[in-house]
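Hello,

Here is the structure you asked about. My notes follow below it.

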Amino acid sequence: MFRSDDGGTTWRPINRGLRSEGIPDPDAEVGHCVHRLAFHASRPGVLFMQKHWDVTRSDDAGATWREVSGSLPSDFGFPIDVHAHEPETIYVVPITSDSEHDPPEGRLRVYRSRSGGDAWEPLTNGLPQQSCFVSVLRDAMSVDRLAPLRHLLRHHGRPGLRFARRRRRLGGRRPRPAGGAVGGGADAAVIRVVLPAHLRTLARVDGDVTVAVTGPVTQRTLLDALEAAYPMLRGTIRDRATLRRRPFVRFFACEEDLSHTGIDQPLPAAVAEGREPYLVVGAMAGG
């Protein structure tokens, strides 16, 4: 954070009291990752910040800051906003962590503090409270000035678990037959496929799926088999006409990003032999 008191001619850092574990000097004046700043027009000297870990407050126009994360289930998140008519009422949307951009416990909750951060309460009415794996980014929450006040949220879907953690969980699993998977005969390769949460919901499956691929195991033949087994996925992972990968989808296998490899190149042997899964991952833009 920087402040100018002369219309932008000069600037000075205003980060006293902020702490960030990810930079060499946790008390540094610069280098913190500020996600969003909010204040009420009637009290411009009272600032609220959601940063890369911590919800913080300043009562002196940023000269000093103190943490007000309190009882939040996670102090990591992106947006923060102030009630249009109540300067001490603020809202945040907690996210599990900086590497897992989904709500804690899979429950999407807007947290409200009526005391400027001293105490928090969850607001859940109308929001999904199970198996919810989305993010609400920096400017994706806002409040209007109507009475009663309305909140607007725009979420960005993504997988429920980061790649490395999901891979560890899958390491000891054996392939399970996927209902409706295309049979390929005795010489067919049985491939494990991990789908992001929203595609698992669409396909009505729980966990990883298996598909049978006859002949060379490539991204083209694997995705052909997957879409044949689950027609509802057609057009969600790749374009129906061009077969090109959708912009917010990536492919991983054996700890390698295969998103930009040729669709007719053979997949790693460990995938073709069923020892390693093929991961379809929902990518995220921004942060």
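The structure holds 3 aromatic pairs. Rings of Phe, Tyr and Trp (its six-membered ring) pair if their centres lie within 6.5 Å; planes under 30 degrees apart are stacked, over 60 edge-to-face, and the rest tilted. One aromatic cluster is formed by Trp 53, Phe 76 and Phe 78.

Before the rest, two notes on the source. This is a predicted model: local features need pLDDT of at least 70, side-chain atom pairs count only at pLDDT 80 or more, and totals for chains, interfaces and linings use all residues. Residues are numbered from 1 along each chain as its sequence is written, and side-chain values use heavy atoms, with hydrogens and water left out.

Overall make-up: 4 helices and 17 strands. Both are DSSP runs, numbered from the N terminus (helices H or I, at least four residues; strands E, at least two). Of the 287 residues, 46% are buried. Buried means under 20% relative accessible area, exposed over 50%, partly exposed in between (1.4 Å probe, protein chains only).

Salt bridges: there are 19. Each is a side-chain nitrogen of Lys or Arg within 4 Å of a carboxyl oxygen of Asp or Glu. Three of them:

- Asp 5 and Arg 12 meet at 3.9 Å, N to O. Asp 5 is exposed at 58%. Arg 12 is partly exposed at 36%.
- Asp 139 and Arg 36 meet at 3.0 Å, N to O. Asp 139 lies in strand E11 and Arg 36 in strand E3, so this pair ties together parts that are 103 residues apart in sequence.
- Arg 220 and Asp 264 meet at 2.6 Å, N to O. Arg 220 sits in helix H3 and Asp 264 in the loop between strand E16 and helix H4, so the pair links parts 44 residues apart in sequence.

Shared partners also join Arg 43, Arg 57, Asp 59, Arg 66 and Glu 88 into one salt-bridge network.

Helix H3 covers residues 219-229. Its buried residues include Leu 222, Leu 223 and Leu 226. Among the elements covering them are strands E13, E14, E15 and E17.

Thr 89 is in the loop between strands E7 and E8. Thr 89 is buried, at 3% relative accessible area. Its side chain makes a polar contact with that of Glu 86, at 2.7 Å. (A polar contact is a pair of N or O atoms within 3.5 Å; within protein, one must be able to donate a hydrogen and the other to accept it, and residues adjacent in sequence count only if both atoms are side-chain atoms.)

Best wishes

Definitions and conventions:
Contact means heavy atoms within 4.5 Å.
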